[in-house]
Amino acid sequence: MKHACVIGWPIEHSRSPAIHGYWLDRYRIDGSYTKRAVPPDAIDGFLDALSAEGLAGCNVTIPHKEKAFAKAVNREASALAVGAANTLWLDALGELCAANTDTYGYMTYLASEARDWARRDAPVSILGAGGAARAIVYGFLEAGVGEVRVFNRSAERAETLAHAFGSRVKPMPWEERSRASTEGAVLVNTTSVGLKGAGSLDMDFTDFHPDCVVSDIVYVPLETALIREARRHGLRTVDGLGMLLHQAVPGFEQWFGVRPEVTSELYDLIAADIEAA
Ligand code: ATR
């Protein structure tokens, strides 16, 4: 029997056990996936004891993603690009391996919902410059986008991120986020604005190219004010829940040996849980 879990501090509200539990049932796998509250001063010890605890690996959430990355012996390109890991497993030698599957999750869902997002050779706009922004910037660069514009409330953070990724990434003033995105192929919110209805990004979609795809990584509520406003202007939208579901796929495959499918049934199950919360 294989065991995995998600660790964080706090961890109560994680939806990962519901996602992995759905797949364990669906594929009739003799395994378990639980959540563990690990305080910051216990993370080193927890990771050192993974194998002794009988764990094949774990998902990692706030505030442990950087520490998980630092402890890993083998790191996939996505984790190296982001400097943080959300998925850990032990290889055949018992060495700790790390990936950041947010890049995969975001890009996979974007492609499934808006297959032709890259049809026009146009820039992409990213709102925010934190860890999630790094994962998504990396995804667009890997997908061959010529210019990724990063808009962040505090300018230095946008500059630091752009500097880390090179000349295809351009730091932009926060005030320009609408005006400098009108010709864009995709606009993504990676900030926490809109989470549980808090705050507003004050985007003006009036002059946006009709093919632009607007996406939000916030998934509580499922339809954020940003998504609603973009729809009102007739733009295509991509919600944040799909990224959450797809980022879970590589970990499940590592630990349990089956590549799971993100089904509409799974989407509806987690959506109902979010709506009930
Ligand atoms: P994560 O790793 O999940 O991306 P983070 O590193 O805390 O989280 O980054 C949060 C992002 O949301 C940052 O880009 C932050 O902007 P600052 O760098 O200026 O702090 C952005 N953010 C949070 N609240 C915001 C607000 N009210 N308006 C604009 N941006 C906000």
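Colleague: How are the residues of the shell around the ligand divided by class?
Modeller: This is a predicted model, and what follows describes that prediction. In the model, 13 residues surround the ligand. By class, the shell divides into four nonpolar, two charged and seven polar residues.

Colleague: Which residues of the shell are the closest to the ligand?
Modeller: The shell around the ligand includes polar and charged residues as well as nonpolar ones. Of the 13 residues that surround the ligand, the closest are A129, N152, R153, S154 and R157.

Colleague: Which side chain has an N or O atom 2.6 Å from an oxygen atom of the ligand?
Modeller: A pair of N or O atoms counts as a polar contact when the two are within 3.5 Å. The side chain of S154 places an N or O atom 2.7 Å from a ligand oxygen. A polar backbone atom of A132 is 3.1 Å from an oxygen atom of the ligand. The 2.6 Å distance belongs to the side chain of N152.

Colleague: How much of the ligand's accessible area does the protein cover?
Modeller: Protein atoms with a ligand oxygen at a stated distance include one in the side chain of S154, at 2.7 Å. On its own, the ligand has 640 Å² of accessible area, and the share of this that the protein covers is 66%.

Colleague: What is the volume of the largest pocket?
Modeller: The largest pocket is the space that the ligand takes. The amount of space in this pocket is about 1,600 Å³.

Colleague: Which residues that line the largest pocket are the closest to its centre?
Modeller: The lining of the largest pocket has 48 residues. By class, 23 of them are nonpolar, 17 are polar and eight are charged. The closest to the centre are T61, I62, K65, I217 and Y219.

Colleague: Which helix gives the most residues to the lining of the largest pocket?
Modeller: Strand 3 (57–60), helix 3 (65–71), helix 6 (131–142) and helix 9 (241–247) each supply at least two residues of this lining. The largest contribution is four residues, and it comes from helix 6.

Colleague: Which residues line the largest cavity?
Modeller: The structure holds one cavity of 30 Å³ or more. The largest cavity has a volume of about 40 Å³. Its lining has five charged, two nonpolar and no polar residues. They are D116, W117, R119, R120, A185, D211 and R236.

Colleague: Which residue does a cis peptide bond join to V220?
Modeller: Omega of this bond is about 5 degrees. V220 is joined by the cis bond to P221.

Colleague: What is phi of R28?
Modeller: Most residues other than glycine have a negative phi. R28 lies in the loop between helix 1 (16–26) and strand 2 (31–37). Its phi is positive, with a value near 50 degrees.

Definitions and conventions. Residues are numbered from 1 along each chain as its sequence is written. This is a predicted model: local features need pLDDT of at least 70, side-chain atom pairs count only at pLDDT 80 or more; totals for chains, interfaces and linings use all residues. Side-chain values use heavy atoms; hydrogens and water are left out. A residue is near a molecule or strand if one of its heavy atoms lies within 4 Å of it. A polar contact is a pair of N or O atoms within 3.5 Å; within protein, one must be able to donate a hydrogen and the other to accept it, and residues adjacent in sequence count only if both atoms are side-chain atoms. Accessible areas come from the Shrake-Rupley method with a 1.4 Å probe; for residues, only the protein chains shown count as cover. On a 1 Å grid over the protein atoms alone, a cavity is a set of points where a 1.4 Å probe fits but cannot get out, and a pocket is an open set with protein on both sides within 12 Å along at least five of seven lines; lining residues have an atom within 4 Å of a point. A molecule sits in a cavity or pocket if more than half of its atoms lie within 2 Å of its grid points. Ala, Val, Leu, Ile, Met, Phe, Trp, Tyr, Cys and Pro count as nonpolar, Asp, Glu, Lys and Arg as charged, and the others, Gly among them, as polar. Grid points are joined across faces, edges and corners, and a volume is the space filled by probe spheres set on the points.
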